[in-house]
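Here are my notes for a colleague who is new to this entry. Please keep the structure open while reading them.

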Amino acid sequence: MSRPTINCDLFVIGSGMAGMAAALFAAGRGINTVQAGMSSELAYASGLLDLMAVHPVRESRIWDDPWAGIDALIRDIPDHPYAHIEKADIRQALDEFMAFLNSAGLPYKADTDHNSRVITSVGTVKPTYCVPGSIWNVVRALQEKQPCLLVDFRGLKGFSARQIKEMLRENWPSLQTARFSFPSHAPELYTEHMARELEKPEICEKLAEKIFPYVEDARVVGLPAVLGITRTEEVVSNMEKFLNVPVFEIPTMPPSVPGMRLKRIFETGLPKLGVKPLLQQKVRYVKSSKSTGDLIFEVGPSDSRTTVCAKGVILASGRFFGKGLYSDRNSVYETIFNLPVHQPDTRSLWHRKDLFDTRGHLISRAGLETDEFLRPIDKSGRPAYNTLFAAGSVLAHQDWMRMKCGAGLAIATASHAVNSFLKIKSSLS
Amino acid sequence: MALLKADVLIIGGGATGTGLARDLSLRGIQCVLVEKDDINAGASGRNHGLLHSGARYVSSDQEAAKECREEGELIKKLAPHCVDNTGGLFVAVEGDNENYAADFPQLCDECGIPATSLDIRDAREMEPELSEKTIAACMVEDASIDPFMLSLENMAHAQNLGSTYIRHMKVAGFKISGNRIQSVNLRNTLNRKETTVEADQVVNAAGVWSGEIAALADIKIDMVYSKGTLLITQNRITQRVVNRLRKASDADILVPGGTVSIIGTTSTHIDNPDDIYPTVREVDYIIEEGGAMLPVLRKTRYIRAYSGVRPLVRLKASGDDRDVSRGYTLIDHTENGLENFITITGGKLTTYRLMAEKTADTVCRHLGVSAPCKTRTEPFPRSEHGKWTEPGFAPREWMRKNDPTDILLCECEMVSESAVDDIIASLAHQKKRPDLCSIGLRSRVGKGPCQGTFCSLRIAAHMYDQGYLEADQGTPSLREFLRKRWRGQRPLLWDTHLVQAELQEAMHCGFLGLELESSEKGG
Ligand SMILES: Cc1cc2nc3c(=O)[nH]c(=O)nc-3n(C[C@H](O)[C@H](O)[C@H](O)COP(=O)(O)OP(=O)(O)OC[C@H]3O[C@@H](n4cnc5c(N)ncnc54)[C@H](O)[C@@H]3O)c2cc1C
Ligand SMILES: Cc1cc2nc3c(=O)[nH]c(=O)nc-3n(C[C@H](O)[C@H](O)[C@H](O)COP(=O)(O)OP(=O)(O)OC[C@H]3O[C@@H](n4cnc5c(N)ncnc54)[C@H](O)[C@@H]3O)c2cc1C
C-alpha cells in the first residue's frame, strides 16, 4: 500500500466559507497550500454575505452601518473574533473575496458603508452586506417600492409569491404575483434541477414567454433563486432581455442555488490558483514533528491514505454541522486536535427555554478561544501549537446566526489567519 | 358581546371533557365544549398513552386496578382503531425487591387481572432488549392508546350528534346569582374578544386547572400538581409495553406506539401547572433509570421529550403527596350551594369513559333526564377527524393515491399537500381559521427527524397560497409552531440532534431572521 506524503506550507482544513476563503487568500499570497474538507454549510447557505447587522442581539438592534456595528460589538464583546482584526483588514479581505468572485463570473455587489436590504423566501426583509449580482436589483426595487411582479412555480414547495406579497403588504404595496408551470414540467420541482434547465436558452426563453404577458406595468420581476448555476450572469441577462425589465432572485430555503454557485466557483477556481485540493476526505491529526515543528496528518480512508506534512495549519472545520465540534450528553469537543472548547458548564445551559429568546443560545457562543493571531489556546492559555490558526464558525464568542455576521466572520478570520501565519513564519525563519 | 346558549357547557377539551360531550350527546343532550387551547392541550396530550391492564395498581390501589381492567377491556372492544393491543410485561431486575415480584401474580389474580409468570429466557426471547439482569417476568394485558385520535373521535362523534366545539376560548369568569351560575364569560385567547354563554348546567373538566375554574365560583378544590416527563425514542424498542416489576417509581414503563417507544415517567411536585417543560436533568435521569430494565435506552436516539401534569386531588388536610387520590373526583357543587355546577377531575386516561359516564349521570339527574348511558355498549364510529394522527396513515394514503402532483410537504412523515388540505377543510368545517399548530395537532407534521425545520416553512407557504394565511400572520404562526416543538427538543440536543438544531437555527434565524421582532411586521 503506497502512502504518498504531501509537504506544504499551509494546510487548510475545511471547505466551507472559511476554508475556501483561507485557501483563496493563501494562494493569493503565493503560499503553497493544500486544502481538505468534506461537506460544508456552503450548499445550504443563502449566498448572501453578512458582515454585521444585529447587536446587541438581546435588543434586536439592527445596524444600517455594519462598520459602526462592529465598533459597538467589539466594545461590548471584547472577545468576539472581530476584535482581533483591524477594520481596514476586514475591508481588504472582503474586497479581495469579491474580486475573486467577480473574475470567476459570479459577481457580487455591496454598498460599502451600508447594509443592504433584501427579501427572503418567507417574506422577511434581511439586512446583509455583499449581495449576489442576481439578487442585487431587489435592493433598489424595495427601497423605491417599485411596481414589481413576483413569480413562483407550481410544484416548487416552500416558495409562495403570495406569501411574500402578503408579508410585505405594508412595506411594498405594489407587488403583484403570478404562478407558472415550469417549462420542463415535472410535478415536483427542485431548485438545482430548475437552475440547470434554465441554462438552456430555449427553456429560459419559453419561461420568459409565459411570464412576459404578466409583466404589464411592473418595473422589475422577482423569481426564486434558480437562474442558473454555472452561467447565472448569462441566464439573468437573457431573462432581462426577454422581459425587458430588470429581474432579481429571492434566496430560497436549502438546498440553495446561490450557495451551490459559491461552492462550485471555489471548487473550480481554487485549483487554478494553485491550491491542491483533497476534497471529500477526512483529516486525522497525527503528531507534531519534534525536529521541524511541522504538523503531520493522515487524510482520507484507510485504503488510500495520504499523509500531509504542513508548516502551518488553518482549522476552518466549522461547528456541529460541519463536524469541527462534536457533543455528547455531557460536553462539547473539538474533533481533530481535541483542543479545549469554551462552553457553558452544563448541558442545561446550552439552550434557552424559548427557541427565539432574543439573547440567543449559549451553545452558539461555544468554540475555540484564541490569541490575537487566531491561534487556539490550550488549557494554560498559551497557543496550543505555534502555527495552528482557527477561522470561521469554529471560533468562540460569536453567534453569527443572531448577529448576522456569518460570511463576514468566515472571510475576515480566514484572511487574518493567513496573515498571521505569514507573520509567525517569518519570525521563525 | 356575543351570546351563546347551551344545555350543558363543558369546560376542557381533554379526554374527560370530550368523552363527556360524546356521552351526553348520545343521551340526546347537546353540549358546547370550550377549550382554551385545542383538543388534548393538557394532560390528555402529554401522557404515556398506556391503556392500563390494571396490573400496575394491584398492590397500591385495588379499586383503581379493577376500574382500569374493566375500562381497558371496554375501550379495546369499542374503539379498536385507537388502540394498539400490544400486551405487556412486568419485569424485575437484579436489585429489585424479590418479594414484590413473587407476590405480584397473586395480587393480580385477586383483582381479576390476567397475569402469567414467564420463564426469564422466554421473556428475553419475546423482548430481546430486556436486560441480562432480568430476574422475574410476568405477562399482562396492557395496551397502548392514541390519546389524540381518541379525543378527536369523541369530539367528532359528539359534533355529529349536534354538539359544538369551540377552541381557543378560555373561561374567564362566572356570573352567579343565588344558587346558580347564570352565565359564563369566555375570552378568545387569540384576539381577546369576549363572549357569554348561558347554560343550564356547567361542567368543569379542566384537569389540573379544575381548581382554578372552581375558584372562579369561590369554591376551593385542593389540587396537587405532579409533573411527569417522558422521552420518545427514534425507533420502537419493544413489541410490548414493558413495566418494571416493583413499587411504582420513576422511569419504569416503556410504551410502544407505532414506530417509536415512550419511556417515563418522573413525578415531581410543582406549584404551578402552567409553563412546564422537560429539563435536561429529568431527561438524563430517565435514560439512566430506564437503562436498568432495557440497557439499549442508554444508547438509543431520542426524538422528543415532553412533560404533563397529573391532576390529583388532596383528600385529607395532610402535607403528604401520597394522600392524594389517584382515582377520579366527581363533585356536585350543590354541596357548596351551586346547583348547576359539577367538577370532574383526577383519574386516568384509561378510566376517562367511566368518569364521563358518572358525570353525565349527575348532569342528567340535574336536568331531570332519564336517558341511560350508551358509551358502555356503543362502538366508536370511525370518523375522519383523527385519522391523520396515526403514524403510517399519511404515507399509506399517499402511496395508495399515487398522484405525483400531490407533493409531500412533510417529507419525514410523508404528509402531502392533499392531507394538509383535508385537515384544513375539517377545521374550516368547524368555522375555524387553521394555523400551523392546529394542523400539527391533527397530523404527524413536524414529528419526524427534521422536527419541523423544513415542513413548517412549506406548509406556511402552502397556506398562503390557499388563502388561509394573510398579511403577516405567517410569522407568528410559524414561531408558535416551532416554539412548541422546541420545548420537546431542547433537553435532547446532543450529537446528531444538536447538528439538526444548528441547521434549524442557521435557517430560521441566520438566514430568515425569524427571531427578530421586526420580522413579525415584515420589515
Ligand atoms: C442554512 C444556512 C443559511 C445561511 N445563511 C447565511 C446568510 O444568510 N448569510 C451569511 O453570511 N452566511 C450564511 N450562512 C453561511 C455561514 O456564513 C457559514 O456557513 C458559516 O460561517 C460557517 O462556515 P465555516 O466555513 O466556518 O464552517 P462549515 O461550512 O461548517 O465548514 C466546515 C468544513 O470543515 C470540514 N471538516 C470538519 N472536520 C473535518 C475533518 N476532520 N476532516 C476534513 N474536513 C473537516 C467540513 O467538511 C467542512 O468542509 C448560512 C449557512 C446555513 C447552513
Ligand atoms: C406524565 C403523565 C403520564 C400519564 N400517563 C397515563 C397513562 O399512561 N395512562 C393513563 O390512563 N393515564 C395517564 N395519565 C393521566 C391522564 O393523562 C390524565 O388523567 C387525563 O388525561 C386527564 O384528562 P382530563 O381531560 O381530565 O384533563 P386534561 O387533559 O388536562 O384537560 C383539561 C383541559 O382543560 C383546558 N382548560 C383549562 N383551563 C381552561 C379554561 N379556563 N377554559 C377553557 N379550557 C380550559 C385545558 O387546556 C385542557 O385541555 C398520565 C398523566 C401524566 C401527566
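1. **Ground rules.** The model is predicted: local features need pLDDT of at least 70, side-chain atom pairs count only at pLDDT 80 or more, and totals for chains, interfaces and linings use all residues. Residues are numbered from 1 along each chain as its sequence is written, chains are lettered from A and ligands numbered from 1 in the order in which they are written, and side-chain values use heavy atoms, with hydrogens and water left out.

2. A residue is near a molecule if one of its heavy atoms lies within 4 Å of it. Polar contacts with a ligand are pairs of N or O atoms within 3.5 Å. A nitrogen atom of ligand 2 lies 2.8 Å from a backbone N or O atom of B:Leu50. A backbone N or O atom of B:Val171 is 2.9 Å from a nitrogen atom of ligand 2. The side chain of B:Asn47 has an N or O atom 3.3 Å from an oxygen atom of ligand 2.

3. **Ligand 2, cover and elements.** Taken alone, ligand 2 exposes 1,000 Å², and the protein buries 97% of that. These areas come from the Shrake-Rupley method with a 1.4 Å probe. Helices (H or I, at least four residues) and strands (E, at least two) are DSSP runs, numbered from the N terminus.

4. Where does ligand 1 lie? Ligand 1 lies between chains A and B. It is surrounded by 35 residues, the closest being A:Met38, A:Glu41, A:Ser46, A:Val283 and A:Ser393. By class, the shell around ligand 1 has 15 nonpolar, 15 polar and 5 charged residues. Helix 14 of chain B gives the most to this shell, with 3 residues. Helix 1 (17-28) and helix 11 (406-428) of chain A, together with helix 14 (495-511) of chain B, each supply at least two.

5. **Ligand 1, contacts and cover.** A backbone N or O atom of A:Ser15 is 2.9 Å from an oxygen atom of ligand 1. A polar backbone atom of A:Leu48 lies 3.0 Å from a nitrogen atom of ligand 1. A polar backbone atom of A:Ser317 lies 3.4 Å from an oxygen atom of ligand 1. Ligand 1 taken alone exposes 1,000 Å², of which the protein buries 99%.

6. **Aromatic pairs.** Rings of Phe, Tyr and Trp (its six-membered ring) pair if their centres lie within 6.5 Å; planes under 30 degrees apart count as stacked, over 60 as edge-to-face and the rest as tilted. By this rule there are 18 aromatic pairs over all chains. Why is the pair of A:Trp67 and A:Tyr129 edge-to-face? The ring centres are 6.0 Å apart and the planes are at 90°, so the pair is edge-to-face. A:Trp67 lies in helix 2 (residues 66-76) of chain A and A:Tyr129 in the loop between strand 5 (125-128) and strand 6 (131-132) of chain A, so the pair ties together parts 62 residues apart in sequence. A:Trp67 is buried (under 20% relative accessible area; exposed is over 50%, partly exposed in between; 1.4 Å probe, protein chains only), at 4%.

7. **An aromatic cluster.** A:Phe11, A:Tyr285, A:Phe297, A:Phe337 and A:Tyr385 form one aromatic cluster. A:Phe297 is buried, with a relative accessible area of 0%. A:Phe337 also counts as buried, at 9% relative accessibility.

8. **Backbone points to check.** The peptide bond from A:His55 to A:Pro56 is cis, with omega near -10°. A:Pro56 lies in the loop between strand 2 (33-37) and helix 2 of chain A. The peptide bond from B:Gly264 to B:Thr265 is also cis, with omega near 0°. B:Asp495 is not a glycine, yet has a positive phi of about 50°.

Key: Polar contact = N/O pair within 3.5 Å; in protein donor to acceptor, adjacent residues only side chain to side chain. Nonpolar A, V, L, I, M, F, W, Y, C, P; charged D, E, K, R; others polar.
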